[in-house]
Amino acid sequence: MDVEAAKMIGAGLAVFALLGVGIGLGNIFSSLLSGISRNPEASKELFSKAILGFALTESVALLAFIVSLLILFK
């Protein structure tokens with residue numbers, strides 16, 4: 001196997017984590033909408049926790065993207 005082909009396969013596997021990130025973000029915001037519709041008074045608290053969850057989940061996506069770039073260009 002060529003080294004370039006191995007790099008491409010490794011970068012593709014590293015970016016495969018983005019599938020889980022997309023599913024996680026969908027779960028976070030669907031739970032936010034469900035919680036706000038059940039209890040509108042708690043919307044500020046729910047929204048702040050949802051934004052924290054969004055940031056933590058998105059950091060995993062950025063980490064996977066950086067790892068794939070490191071694999072490709074190193």
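Guide: Start with a term. A residue counts as exposed when its relative accessible area is over 50%, and as buried when that value is under 20%. In between, it is partly exposed. Keep in mind that this is a predicted model.

Our part is helix α2, residues 17–38. The face of α2 turned away from its buried side carries exposed residues: Leu 19, Ile 23, Leu 33, Ser 37 and Arg 38.

Now turn to the other side. Buried in α2 are Val 21, Gly 24, Leu 25, Leu 32 and Gly 35. Look down the axis of α2: these buried residues fall within an arc of 100 degrees, so they line one face of the helix. An α-helix has 3.6 residues a turn, so residues three or four places apart point the same way.

At 1.5 Å a residue, the 22 residues of α2 should span 32 Å. The end C-alpha atoms of α2 are 32 Å apart, which agrees.

What does the buried face meet? The buried residues of α2 pack against α3. Helix α3 covers residues 43–73. The axes of α2 and α3 come within 9 Å and cross at roughly 175 degrees. Angles over 145 degrees count as roughly antiparallel, and α2 and α3 are therefore roughly antiparallel to each other. From α2 they include Val 21, Leu 25, Ile 28, Phe 29 and Leu 32. From α3 they include Ala 50, Gly 53, Phe 54, Thr 57 and Ala 61.

Take Thr 57 as a close-up. Thr 57 lies in helix α3. At 18% relative accessibility, Thr 57 counts as buried. Leave aside its neighbours within four places in sequence, and Thr 57 is in contact with Val 21, Leu 25 and Ile 28.

Next comes Phe 54, also placed in helix α3. Leaving aside its neighbours within four places in sequence, Phe 54 is in contact with Leu 25, Ile 28 and Phe 29. One of those contacts deserves a second look. The structure holds 1 aromatic pair. Phe 29 and Phe 54 form this pair, with 5.9 Å from centre to centre and 55 degrees between the planes, and the pair is tilted. It links distant parts of the chain: Phe 29 sits in α2, Phe 54 sits in α3, and they are 25 residues apart. For a sense of scale, compare Phe 54 with Met 1. They are 53 residues apart in sequence and 39 Å apart in space, C-alpha to C-alpha.

Now look along α3 itself. Its 31 residues should span 45 Å at 1.5 Å a residue. The end C-alpha atoms of α3 are 44 Å apart, which agrees. The buried residues of α3 are Ala 50, Gly 53, Thr 57, Ala 61, Ala 64 and Ser 68. What covers them includes α1 and α2.

That brings in helix α1, residues 3–15. Helices α1 and α2 pack at an angle of about 15 degrees, with their axes 4 Å apart. That makes α1 roughly parallel to α2. The contact is made by Leu 13, Ala 14 and Val 15 of α1 and by Ala 17, Leu 18 and Leu 19 of α2.

Helix α1 also packs on α3. Their axes lie 8 Å apart, at an angle of about 175 degrees. α1 and α3 are therefore roughly antiparallel to each other. Lys 7, Met 8, Gly 10, Ala 11, Ala 14 and Val 15 of α1 make the contact with Ala 64, Val 67, Ser 68, Ile 71 and Leu 72 of α3.

Finish with two residues of α1. Glu 4 is placed in helix α1. At 43% relative accessibility, Glu 4 counts as partly exposed. Ala 6 is partly exposed, with a relative accessible area of 37%.

Notes
Residues are numbered from 1 along each chain as its sequence is written. This is a predicted model: local features need pLDDT of at least 70, side-chain atom pairs count only at pLDDT 80 or more; totals for chains, interfaces and linings use all residues. Side-chain values use heavy atoms; hydrogens and water are left out. Rings of Phe, Tyr and Trp (its six-membered ring) pair if their centres lie within 6.5 Å; planes under 30 degrees apart count as stacked, over 60 as edge-to-face and the rest as tilted. The expected span of a helix is 1.5 Å times one less than its number of residues. Buried means under 20% relative accessible area, exposed over 50%, partly exposed in between (1.4 Å probe, protein chains only). The arc is that of the directions from the helix axis to the C-beta atoms. Contact means heavy atoms within 4.5 Å. Axes are lines fitted to C-alpha atoms, for helices over the stretch in contact, and angles run from 0 to 180 degrees between N-to-C directions. Angles under 35 degrees count as roughly parallel, over 145 as roughly antiparallel, 65 to 115 as roughly perpendicular and the rest as oblique.
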